[in-house]
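Please look through the structure shown here with attention to its pockets, its ligands and the arrangement of its chains. The report below takes these topics in turn.

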Amino acid sequence: MEASFLIDMTKCIGCRGCQVACKQWNQNQADKTRISLKFTNPVKLNANTYTNIDFFESEKAGHVSWNFARNGCFHCKQPSCVSACPVAALIKTKEGPVIYRAERCIGCRYCMLSCPFNIPKFEWEKISPRIQKCTFCHERILDNKIPACAKTCPSGTIHFGDSIENNLKEAKRRLSDNPGKYFNHVYGEKEAGGTSVLLLSALPIDQLGFQKVGDAVIPDLTWEYISGIPAIIGVVLAAGIGSWIITRRNKNMHEEDKTNETGTE
Amino acid sequence: MKPAQNNIKLFTPVTLGLLIVIIAGALVVFKKLTLGTVTTNLQDDFPWGLWIGFNVLGGVAMAAGGFVTASAVYLFNMKKYKPLARPAILTAFIGYLLAASAIFLDLGHPERIWHPAVMWQVHSVMFIVAIHVILYTTVLGLESSPMLLEKLKLGGLKKIIEKGMVGIALFGTLLSVLHQSSLGAVYLIVPDKLHNLWYSRTLPFSFLVSSVMMGLAMVSFVSILSSKFFKRPVNMDLFSGLARGSIIAIAFYLVLKIFLLLNGAGAAAAFAGSMESKMYLLEMLAGVIIPLVLLLLPGVRNSLGGILLVDILVIFGVVINRMNVAIFGMLSHAAELGVKYFPTANEIMVSLFLVASGALLFKLAVKYFNVLSYEEG
Ligand code: SF4
Ligand code: SF4
């Protein structure tokens, strides 16, 4: 099965069941809670929190409306984090999840820099730190179970079980069947070349804390350089050897001239 | 072989200052290695800071003098620059050792620094960078080895290495071109994060061109300072030659940068008054435009003091360029995520520690090896 989420945030009731289930399944430490205007704890993802539900208030036709945003790894089809990692600690599995192999990681944090969604987090306070992020419950998927968050979600916000293609069709159907209900955009369809997680929302997506991300397949941007390396090698070698031969011949000629003129040297 | 005879004093106020910074810095290095990244202000939405921006990117650019000189002397047969080859290659060697140390200290798992050498991932620019640091540091070691071998009276081995010098220099030039450009390529991966005054698909090429500029300035800077500090005779001809090379490199870079600006962020962005636009203007004025204008004045070009001033400006400007790409150009994206970055005292101390170690290493090498008075061969 190809792992893919269709997350319809208009259905979310803000119970945070997914967030708790994720912590439990991954046995991640609890964070100290804080009061904040956003009624969200923790306010941001961190090394102990792979997913959270963020909260936004807005106004619609004179009424206050509540909007929830579910954060987490998008498991990009062509993930920049995977292309960035110098030691293949991050890999895209054939089932779809992008997973991390801690024993290879050198802690360079290039994956964090590279992710357009700022998903990978680092255990800054630990002496043996790991990169941490949503695993798409890869082990559960291999075991024919659905991810813990989707299993828990009582409102049908997090849908799991269809291919990316089918989820995209369903997302488009919801957009066209419910004019005015949604912000007319499937986040993840084109972002970063397409992701395994598709989001629907009522508000424009950047008002829910999501990044504006271009359509470029990010690994292609660096591959353009890397794949050009053989050509660079050729040019430098040709120029270097060529100039060595030419300048040597010139010098020898000069020396001959001098010898002829002065009879010394 | 006559021993390197020189009257360089081991203990001077400058050395003492360097030693103090090194000892204080060593304590902070120990702290980082035992406590980890918590000693820094690096955080989830700002994973790279001063060490990558200044010590790694700046340090590697400063080391470009090595390949610029090695290729001029050995590949282009500009033999008159041979006296500059040893100090230039030594500076580069020390620069690379320090950049590698900075990477080592920056890693979350310094003890796994060897992983990229065995766990290849050729789609990663970081992997390409790592391999080049390893290979080129080795090449610089080889290029510097004759000084050590003549000290150890291993004339035979020295001869073999000197025979192969053209090959070594060619390989070193190749690695440098790839490494300088790949550091620019590291940032190709952040199209949505790096400010568009700096982000462009030609980052690898701009890094390469500015490294040549930096390399010429560094060679000239190190040689002028050495002649002042260690009271060496000055061959003005060499410095004017370097200055002429600088004019070409800087003019080319200026044209490139203007082209990139007009085709990227647009001229207005450079004068928008934002923090980024100020940093961009600083980099361009200090490192490119003012040096070029100064060099075009014969009075400046033909005076040692004038050339020294230009060198300092270019070095400063290129370092600012690297820090703009790594730090200042990333700040507004971080601000969108509600994050600020300013290095901790620990980070600053480690940076200074690395710089001071480099200066001291250079001084010791100059004292004990035949670096500056090497002419023939
Ligand atoms: S969202 Fe980020 S961390 Fe997740 S797969 Fe994409 S690039 Fe990697
Ligand atoms: S921090 Fe680890 S997982 Fe991330 S790019 Fe570096 S080595 Fe790979």
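## Second largest pocket

In this predicted model, helix 10 of chain B gives the largest share of the lining of the second largest pocket, seven residues. The volume of this second largest pocket is about 840 Å³, and among the 29 residues that line it, Phe67(B), Val68(B), Ser71(B), Phe76(B) and Val212(B) are the closest to its centre. Two or more lining residues come from each of helix 8 (229-262) of chain A and helix 3 (65-75), helix 8 (165-185), helix 9 and helix 10 of chain B. By class, the lining of the second largest pocket has 21 nonpolar, seven polar and one charged residues.

## Largest pocket

The largest pocket has a volume of about 1,200 Å³, and of its 37 lining residues those closest to the centre are Phe221(B), Leu225(B), Gly358(B), Ala359(B) and Phe362(B). Its lining comprises 24 nonpolar, 10 polar and three charged residues. Because domain 1 (8-39) and domain 2 (40-339) of chain B both give residues to this lining, the largest pocket lies between them.

## Ligand shells in chain A

Around ligand 1 there are 13 residues, of which Cys73(A), Phe74(A), Cys76(A), Cys81(A) and Cys115(A) come nearest; the shell has 10 nonpolar, two polar and one charged residues. Ligand 2 is likewise surrounded by 13 residues, the closest being Cys85(A), Cys105(A), Cys108(A), Arg109(A) and Cys111(A), and its shell divides into 11 nonpolar, one polar and one charged.

## Domains of chain A

Chain A is divided into domain 1 (1-221) and domain 2 (228-264), and the centres of these two domains of chain A, taken over C-alpha atoms, are separated by 59 Å.

Technical notes. Residues numbered from 1 in each chain as written. Chains lettered and ligands numbered in written order. Predicted model: local features only at pLDDT ≥ 70, side-chain atom pairs only at ≥ 80, totals over all residues. Heavy atoms only, no water. Near = heavy atom within 4 Å. Nonpolar A, V, L, I, M, F, W, Y, C, P; charged D, E, K, R; others polar. Domains from an automatic or database assignment. 1 Å grid on protein atoms, 1.4 Å probe; cavity = no way out; pocket = protein on both sides within 12 Å on 5 of 7 lines; lining within 4 Å. Points joined across faces, edges and corners; volume = space filled by probe spheres on them. Helix = DSSP H or I, 4+ residues; strand = E, 2+ residues; numbered from the N terminus.
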